[in-house]
Every structure is written in C-alpha cells, then in structure tokens.
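Q: Hi, I've got a structure open and I'd like to talk it through. Can we go over it bit by bit?

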Amino acid sequence: MTEARDTPGLDELTAALADRRARSLAMGGAERIAQQHARHKLTARERIDLLFDEGTFVEFGLLAHQHSMSGAVTEPERTPADGVVTGEGLVDGRRVYCAAYDFTVMAGSMGMIGEQKVARLRRKAMLNRLPMIWLLDSAGARIQEAAGSTFAGSGALFFEQVQMSGVVPQVAAMLGPCAAGTAYIPGLADFVPMVKETSSMSLGGARLVKAATGEETTDHDMGGSQVHCYVSGVGDLEVDDDPACIAAVREFLSFLPSNNREAPPRRETADRRDRRIDDVEKLVPTNPRAAYDMRGVVKRLADDGHVFEIKPTFARNIITALVRFNGQSAGIVANQPMIKGGALDIDAADKAARFIWLCDAFNIPLVFLQDVPGFVVGTEVERQGIIRHGAKMLFAVSEATVPKVTVVLRKAYGAGYFVMCGRGYEPDTLVAWPAAEISVMGPEGAVDIIFTKQIAAADDPATARAEYAAAVRQTIDPFIAASWAMVDDIIDPAETRRVIIDALEGAETKRQRRAWRKHGVPPV
Amino acid sequence: MTEIKAELVGNLWKIVVEVGQAVEEDDTLMILESMKMEIPITTPASGTVTQILVREGEVVQEGQTVAIID
C-alpha cells in the first residue's frame with residue numbers, strides 16, 4: 001500500500017533549480033568579487049566570457065561543491081562549482097575545453113570535486129581531440145582535503161597532461177597565483193602567458209618556502225612574470241592585464257590546429273606573395289661584424305607584418321615567432337644579432353628546441369633565418385652544459401618532419417649553421433643571401449689553428465697572419481656553396497618573402513617517415 | 001645605481017662614454033668584440049656614468065661589472 005505524498009510541482013522544482021544555479025553563478029559572493037576586481041583581476045566567469053565566442057560556452061558541474069571524504073556535504077555555500085568553472089565552447093568557431101579556477105571560492109584552491117570536473121575535461125579533450133585551456137588563479141591544492149596519506153592516490157593530472165602533449169594544444173594562462181605542485185600545469189603546457197604583477201607560479205608558495213627552508217620571500221618576488229618571462233623561461237609571454245592575456249590565448253590558438261592530425265587553419269590575406277622587401281640595406285648592415293635588430297626582417301617577411309613572438313623577453317639572442325606566409329601558419333626561428341651577437345647559449349638552445357618541437361607536433365612548417373656566429377664558447381658555458389643544451393636543438397631540428405626552409409642572411413658558422421637547419425638537417429629549401437658567410441669558423445680563428453707554425457716562423461708574424469686570414473676569407477663565399485649545389489640558390493634579399501612562400505608551398509605534400517623506435521633519448 | 005654587466009665573455013674593444021657623462025636608456029656604453037661580432041653593451045637605465053671598471057683591450061668575463069650608472 002502506497003502512501004499518498006504531497007509532491008512538489010515542476011514549477012516549484014525549476015524555481016529551486018534556478019535558485020541553486022543563481023547561487024553557484026554568484027561564485028564567492030559580492031564581497032570577494034569586489035576584492036578580486038580591486039586586485040585588477042577579472043572573475044573566472046568574466047574571463048570565460050572574453051575567451052569564448054559569444055553565447056557558445058556550455059558549462060558542466062555548475063552545481064558541484066565540496067564534500068568531506070566520508071561523503072557528507074560540508075558547507076556547499078562556501079564552494080560554488082567547487083571553485084572551478086568547467087565547460088566547452090567555441091574560440092574563433094573552433095571547440096575548446098576550459099577550466100577556469102575561481103579565486104573568489106576558497107582562493108581557487110583545487111578540491112577533490114573540482115579536480116574530478118577538470119579530469120573529465122581532460123578526458124573529453126583527448127576523446128574529441130580538441131585543445132585544453134586552463135585559466136589559472138589558484139592557491140594550489142585544497143590542503144584541508146588533501147593533507148594525509150590519501151595523497152598516495154593523487155597526481156594523475158600531470159600524467160594525463162603528458163599523454164596529451166603533442167596530441168592536442170594545451171594552454172595554461174596565468175591570471176593569478178599557481179602555487180605548489182599545480183605549477184606543473186603550466187610547466188607541461190604548450191603556451192603560458194602571464195599577467196604582469198598579479199600572476200605567479202612556484203613549486204612552493206611563499207608560506208611553504210618559509211616553513212620548509214626559512215627563506216623569506218613573496219609569491220610575486222619568487223615567481224612573478226619578471227622571473228618566469230625573463231629569467232627562468234617558464235613563461236611564454238608577459239601581458240599587462242586579464243583581457244590582454246585572454247586575447248593572447250585566442251591569438252596563440254589561431255595559429256594551431258585543433259589536434260596533431262589536422263592542418264593549422266588558414267587566414268587569407270591581401271598581402272602579396274611576391275611583395276619585395278626594398279629596405280633590406282637599411283635593416284641589415286653590410287659590415288658583417290655590426291649588430292642589427294632581426295625583428296625588423298621578420299616583420300617585413302610575414303603576412304601583413306603580423307608577428308606573434310613566443311618568449312620575446314627570454315633568451316633574446318634567438319627569436320621564436322608564429323607568423324603566416326600567404327595565409328599559412330609558420331614558425332620562425334631567427335638569430336638575433338642585436339643580443340650577444342646572435343651567438344647561441346644554453347637558454348637560446350632550449351627556447352628554440354622547445355619551439356621546434358611545438359611546431360613539428362602541430363604540423364606548423366618552420367622557417368629558419370640564419371645570422372649566427374656560432375655557439376658561445378668558453379669555460380662559463382661549458383660549466384652550464386652548453387653541449388647537452390645545444391644537443392637539444394640538434395635533436396629537435398633533426399626530428400622535425402614538417403616543411404623546413406632555411407635562409408642564410410649573413411653568418412652561418414659552425415654548429416650554429418647545423419642547429420639552424422643547415423643542409424645536413426634536411427631543409428626542403430636552403431637559400432643564401434649574396435653576403436652569406438657559411439663556414440666552420442671565421443678566418444681569424446681558422447688561421448690561428450691551421451697556420452700556427454707558418455705564422456710563428458714568419459719574419460713579420462702580424463703581416464703573415466693577415467695574409468693567411470685574407471686567403472681563408474676568400475674561401476668563405478656563398479657562391480662556392482652554390483657551385484657545389486650545397487645551397488639551392490643565392491637570392492636577392494628583396495625577394496625573400498616570395499622565395500619562402502614558394503618553398504613552403506612546394507613542401508605542402510611532404511610526408512616523411514623515420515625508422516620505427518619507441519622514442520629517441522633526447523638530451524636534457 | 002645600476003651595475004652594467006657584460007653578457008658575454010670577450011675583448012673589450014671600445015669604450016664610447018666617459019665618467020660623468022649623462023646617458024639615456026639603451027645608449028651604447030662600450031663595444032665588446034666576441035664571436036666575430038661587435039656587441040654593444042647598453043644601459044638599461046638613464047643616468048650618469050659614475051664608474052668605468054674596465055680598459056680597452058681587456059678581456060671581460062660573462063657577468064663581470066664593467067660600469068656603474070647612477
């Protein structure tokens with residue numbers, strides 16, 4: 001026998017639902033939202049509005065909140081959406097997944113339920129082969145839930161991120177703190193923009209550092225953009241504020257395909273494919289010892305002069321940038337003679353290797369602009385491990401099977417010529433400007449090694465040395481390399497844009513298979 | 001006070017400023033000869049050159065302070 005009950009009507013139920021939704025959408029409440037704004041930060045939901053094409057964001061897990069380990073509900077009002085907004089939507093018409101940590105809810109701390117939501121996002125990103133975006137503004141793991149040895153079961157988030165690497169693009173936008181182990185989220189991501197002043201990341205937050213080592217510091221001093229975008233190289237781009245950060249995320253994605261099986265999207269341009277660069281002489285000095293700003297050359301070559309630099313303020317002796325050539329995404333790797341003479345050091349090698357791996361993973365062709373006097377030599381760089389760092393760049397450029405085009409503008413010396421995709425590294429096209437100097441080393445260095453005895457025996461060693469140097473200099477001539485068909489052509493610098501576009505189009509159908517291996521053993 | 005440091009080991013080829021001279025941000029103070037290049041050592045801040053700690057023809061090490069700007 002059933003007992004008649006007074007069940008609520010649908011109106012009442014939907015009203016209750018609306019009420020719950022409204023409470024969750026209110027995040028940490030008006031006061032905490034005001035505090036967030038006072039810190040010059042947007043809320044998680046405001047950031048999502050900026051990231052996605054209008055009206056396309058679909059959320060899940062809005063009604064989730066914190067629980068105790070025993071399953072009892074604890075203070076649902078304190079943890080709307082459990083501190084992380086999760087869902088999917090369109091960016092420039094293409095679907096991506098996003099987890100936006102909400103600092104107004106328990107300082108954006110990562111709780112158990114919130115982490116389950118983000119785990120579902122990662123799974124969806126892999127199942128559907130679509131990009132994953134983290135908008136990070138989080139104090140780190142919610143220690144109240146995580147302290148103790150149930151920690152033994154955690155950590156899969158990084159394992160999953162590693163499986164995602166090179167399959168779908170991963171972006172970790174730093175819009176606030178990201179302390180403790182969660183700093184490995186940006187550490188494993190493909191692109192990490194950082195907001196000046198408000199963002200930071202560190203393996204241990206300031207309070208943990210104090211407890212562990214006694215060192216007094218702040219999250220900002222330890223891990224702000226002034227550290228990671230300039231010194232450590234963990235950050236990819238320093239931006240002024242939240243809107244600029246979200247714009248950078250959208251821009252980065254615009255160059256990439258949704259996954260490693262797709263081609264990058266094209267962006268049509270009115271910029272002529274055969275546009276000449278008529279002010280080359282103003283940009284690049286003929287004196288081979290004189291420095292200049294390579295960014296001027298990159299800007300003139302790219303479609304519409306549009307250049308999106310990755311790590312522009314780190315290892316500035318090399319430029320890594322996403323550009324387009326006749327609508328096609330391409331990655332530029334260019335030496336920067338203005339900084340350290342364009343010589344390569346450990347940070348430059350790391351920066352370039354990482355960028356080459358990124359482009360190769362996502363089918364973005366590579367264009368190398370060479371003006372490199374070589375790797376820095378000496379006791380200091382050996383202590384820093386220049387050999388293993390330089391070897392990373394050799395590894396990356398050798399592994400890359402995307403179309404590769406190399407232009408030697410001026411200097412191409414020693415292993416610098418190799419890592420910048422010299423002939424041995426299978427560029428699809430390799431051309432040189434008429435003043436190119438391709439050689440194992442410069443004339444002065446060479447004579448001191450080759451003619452040591454002759455110079456010492458000469459009546460006038462200084463004159464003899466100069467004569468030998470002049471003789472060696474005669475052998476450094478791009479027409480010699482061209483005559484041996486080692487470079488494909490010597491080109492008028494003004495025609496470089498057309499030459500690059502022809503070369504990229506010529507390699508569009510390139511399919512290169514390497515010998516099977518589980519994986520190489522990359523130097524680190 | 002800003003310490004100007006050499007970013008690369010090399011031969012200090014030319015000093016183009018004098019003690020007491022006013023300089024603007026990004027001005028070239030000295031030119032280093034290294035890696036077949038003339039590499040300008042510039043100042044990240046405007047001010048006055050108060051000390052020059054190296055001489056032309058000297059070999060400077062990476063990280064060595066070569067001048068002070070106040």
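Q: First thing: how are H14(A) and H16(A) oriented to each other, roughly parallel or roughly perpendicular?
A: One thing to keep in mind is that this is a predicted model. In it, helix H14 (residues 346-361) of chain A packs on helix H16 (residues 386-399) of chain A at an angle of about 20°. Angles under 35 degrees count as roughly parallel, so H14(A) and H16(A) are roughly parallel to each other.

Q: And what's the distance between the axes of those two?
A: The axes of H14(A) and H16(A) are 8 Å apart. As for handedness, the crossing of H14(A) and H16(A) is left-handed.

Q: Which residues in H14(A) and H16(A) meet?
A: There's quite a list. From H14(A) it includes A:Ile346, A:Ala349, A:Ile356 and A:Trp357. From H16(A), A:Ile386, A:Met393, A:Phe395 and A:Val397 are among them. By class, the residues of this contact between H14(A) and H16(A) come to 11 nonpolar, two polar and four charged.

Q: What about H3(A) and H11(A), at what angle do they cross?
A: Helix H3 (residues 44-51) of chain A and helix H11 (residues 242-255) of chain A cross at roughly 40°, and their axes come within 9 Å. That angle makes H3(A) oblique to H11(A). The crossing of H3(A) and H11(A) is right-handed.

Q: Which residues make the contact there?
A: On the H3(A) side, A:Arg47, A:Leu50 and A:Leu51. On the H11(A) side, A:Asp242, A:Pro243, A:Ile246, A:Val249 and A:Arg250. Sorted by class, the contact of H3(A) with H11(A) has five nonpolar, no polar and three charged residues.

Q: OK, zooming out. How many helices and strands does chain A have?
A: Chain A comes to 22 helices and 16 strands. Its C-alpha atoms fill a box of roughly 115 × 55 × 45 Å along the principal axes.

Q: What percentage of chain A counts as buried?
A: 45% of the 524 residues of chain A. Also, if you take the contacts in chain A with a separation of 6 or more, 73% of them are between residues 24 or more positions apart.

Q: Which way do S12(A) and S13(A) run, parallel or antiparallel?
A: Parallel: strand S12 (residues 366-372) of chain A is joined to S13(A) by six bridges. For a landmark, A:Phe368 stands opposite A:Thr406 in S13(A). S13(A) also pairs with strand S14 (residues 429-432) of chain A, in the parallel sense over four bridges. There, A:Val405 stands opposite A:Thr429 in S14(A).

Q: Now a single residue. Is A:Lys117 buried or exposed?
A: A:Lys117 is buried, with 22 other C-beta atoms within 10 Å. The cut-off for buried is 20 or more. A:Lys117 sits in helix H4 (residues 112-128) of chain A.

Q: Leaving aside neighbours within four places in sequence, what is A:Lys117 in contact with?
A: With A:Gly61, A:Ala64, A:Asp82, A:Val84 and A:Thr86. And A:Leu62, 55 residues from A:Lys117 in sequence, is 9.8 Å from it in space, C-alpha to C-alpha.

Q: Switching to chain B. What is the order of strands in the open sheet that has S1 in it?
A: The order is S1-S8-S6-S3 (chain B), four strands with antiparallel pairing. The edge strands are S1 (2-5) and S3 (22-23), each pairing on one side only. S3(B) pairs with strand S6 (residues 47-52) of chain B over two bridges, and B:Val23 has B:Gly47 in S6(B) as its bridge partner.

Q: And which strands form the open sheet with S5 in chain B?
A: That open sheet runs S5-S4-S2-S7 (chain B), and the pairing is antiparallel. Strands S5 (37-42) and S7 (59-60) of chain B are at the edges with a single partner strand each, so one side of each is left without a neighbour in the sheet.

Q: Last one: how many residues of chain A are in contact with chain B?
A: 14 residues of chain A are in contact with 11 residues of chain B. The chain A side divides into six nonpolar, four polar and four charged residues.

Key
Residues are numbered from 1 along each chain as its sequence is written. Chains are lettered from A and ligands numbered from 1 in the order in which they are written. This is a predicted model: local features need pLDDT of at least 70, side-chain atom pairs count only at pLDDT 80 or more; totals for chains, interfaces and linings use all residues. Two strands pair if DSSP finds at least two bridges between them. A residue is buried if 20 or more other C-beta atoms lie within 10 Å of its own, exposed if 12 or fewer, and partly exposed in between; C-beta atoms are placed from the backbone. Two residues are in contact if their C-beta atoms, placed from the backbone, lie within 7 Å. Axes are lines fitted to C-alpha atoms, for helices over the stretch in contact, and angles run from 0 to 180 degrees between N-to-C directions. Angles under 35 degrees count as roughly parallel, over 145 as roughly antiparallel, 65 to 115 as roughly perpendicular and the rest as oblique. A crossing is left-handed if the near helix is turned anticlockwise from the far one by less than a right angle, and right-handed if clockwise. Ala, Val, Leu, Ile, Met, Phe, Trp, Tyr, Cys and Pro count as nonpolar, Asp, Glu, Lys and Arg as charged, and the others, Gly among them, as polar.
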